[in-house]
Amino acid sequence: MQIILVSPHLKTARTLTIMPRHVLAALAIFAALVVSTAVLVAWLSVYWRLPVVQELMVSLHLEETRKTREYVGHNLEMMASRIGALQARLIQLDALGERLASGAGVRLPAAAETGRRGQGGAFLPTPLDTDGLAKALDRLAQAVERQTDRFQVIEAHQMAEKVKARRLPTALPVAQAALGSPFGTRTDPIAGVRSIHEGIDFNAEVGTPVHAAADGVVLSAAFHPEFGNLVEVDHGEGLLTRYAHLSRMAVQPGALVRRGVEIGAVGNTGRSTGPHLHFEVRQGGVAQNPAVFLKQGADYAQLKRR
């Protein structure tokens with residue numbers, strides 16, 4: 001490319017010739033200037049820190065730190081307040097556990113056995129830091145674990161008492177029946193002489209359902225020369241109930257029965273003068289008065305003597 005220069009100050013016109021190498025050189029110089037300027041600005045920002053930018057960064061950092069501290073402090077106060085409320089609730093649960101244990105007849109471990117010590121004094125609240133909060137949480141967790149153990153002891157005792165109560169023959173074996181011969185000495189209805197009657201008779205029609213008086217395991221269900229169709233239920237710890245003179249037996253030996261489950265029906269089998277259920281309670285092989293157990297049930301008062 002050629003450029004012709006014409007001027008009144010020049011005697012003759014001048015011609016400039018621009019070659020491609022001249023254009024490339026100009027571009028290289030321009031690029032070098034741009035890079036140098038950028039490097040200079042970066043160098044100045046790193047080593048001298050423009051005052052305005054530096055103050056702005058410091059101000060933003062301080063503001064962010066202040067907000068973070070306020071947030072953490074507020075959360076610590078809320079958690080400390082919550083811990084205090086939970087500790088007060090645990091004290092109430094301690095008192096409740098003592099009352100329940102006393103009512104259930106359970107002896108709970110004393111304070112010395114559980115690691116607790118008597119404490120008291122004026123209440124002077126102090127702010128908690130993170131370490132104090134962690135220690136308070138550990139103490140709270142230990143207190144919850146201790147209280148859980150205490151209530152589990154009470155629950156286990158109550159469960160044992162409930163199981164024991166269900167094994168006592170307190171339910172009527174025949175509903176809506178009339179009392180016949182009581183437990184004790186009587187005149188034998190067949191032999192006509194004085195004899196010992198080791199159970200209670202329930203007078204009812206043949207086929208009237210007979211129910212288990214308590215939870216247990218069927219020990220035997222077979223015909224007996226004197227008792228006729230006889231079912232014996234073992235309630236554990238030497239406690240046994242007998243259901244005699246049945247017209248039918250609805251259980252098999254070894255069966256687990258619950259209180260109120262039908263085990264047979266009233267009949268007139270064996271040594272009997274008429275339809276009735278002969279009911280016995282034996283402890284360690286010795287006959288007990290069934291009325292002592294049945295009177296603990298709610299339905300015994302409704303029985304009528306015939």
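Modeller: Before we look at any residue, note that helices and strands here are DSSP runs, numbered from the N terminus, and that the model is a predicted one. With that numbering, Arg242 is found in strand S10, which covers residues 239–249.

Biologist: How many helices and strands are there in the chain?

Modeller: The chain has five helices and 15 strands. Of its 306 residues, 28% count as buried, and among the contacts with a separation of 6 or more, 63% are accounted for by residues 24 or more positions apart.

Biologist: Is Arg242 buried or exposed?

Modeller: Buried means under 20% relative accessible area; Arg242 has a relative accessible area of 18%, and therefore counts as buried.

Biologist: Which side chain does Arg242 join in a polar contact, and which residues does Arg242 touch?

Modeller: The polar contact, of 2.7 Å, is between the side chains of Arg242 and Glu232. Leaving aside residues up to four places away in sequence, Arg242 touches a set that includes Phe227, Leu230, Val231, His278 and Phe279, as well as Glu232.

Biologist: Which strand is joined to S10 by three bridges, and do the two run parallel or antiparallel?

Modeller: The partner is S12, and the two strands run antiparallel. Within this pairing, Arg248 stands opposite Ala265 in S12. S12 spans residues 262–266, and three bridges also join S12 to strand S7, residues 209–211, again in an antiparallel arrangement; there, His211 has Glu262 of S12 as its bridge partner.

Biologist: Why is S12 largely enclosed by the rest of the structure?

Modeller: S12 is described that way because four of its five residues are buried. Ala265 is a buried residue of 0% relative accessible area, and, not counting residues up to four places away in sequence, Ala265 touches Gly207, Thr208, Pro209 and Val210, along with Leu246, Ser247 and Arg248.

Biologist: Where is Leu27 found, and is Leu27 buried or exposed?

Modeller: Leu27 is found in helix H1, residues 20–47. Exposed means over 50% relative accessible area, and Leu27, at 53%, therefore counts as exposed. Together with Val23 and Leu24, Leu27 forms a nonpolar patch on the surface, and the three have about 300 Å² of accessible area together.

How values were computed: Residues are numbered from 1 along each chain as its sequence is written. This is a predicted model: local features need pLDDT of at least 70, side-chain atom pairs count only at pLDDT 80 or more; totals for chains, interfaces and linings use all residues. Side-chain values use heavy atoms; hydrogens and water are left out. Buried means under 20% relative accessible area, exposed over 50%, partly exposed in between (1.4 Å probe, protein chains only). Contact means heavy atoms within 4.5 Å. A polar contact is a pair of N or O atoms within 3.5 Å; within protein, one must be able to donate a hydrogen and the other to accept it, and residues adjacent in sequence count only if both atoms are side-chain atoms. Patches are made of residues with over 30% relative accessible area and no salt bridge: like charges are joined within 9 Å, nonpolar side chains (Val, Leu, Ile, Met, Phe, Trp, Tyr) within 5 Å. Accessible areas come from the Shrake-Rupley method with a 1.4 Å probe; for residues, only the protein chains shown count as cover. A salt bridge is a side-chain nitrogen of Lys or Arg within 4 Å of a carboxyl oxygen of Asp or Glu. Two strands pair if DSSP finds at least two bridges between them.
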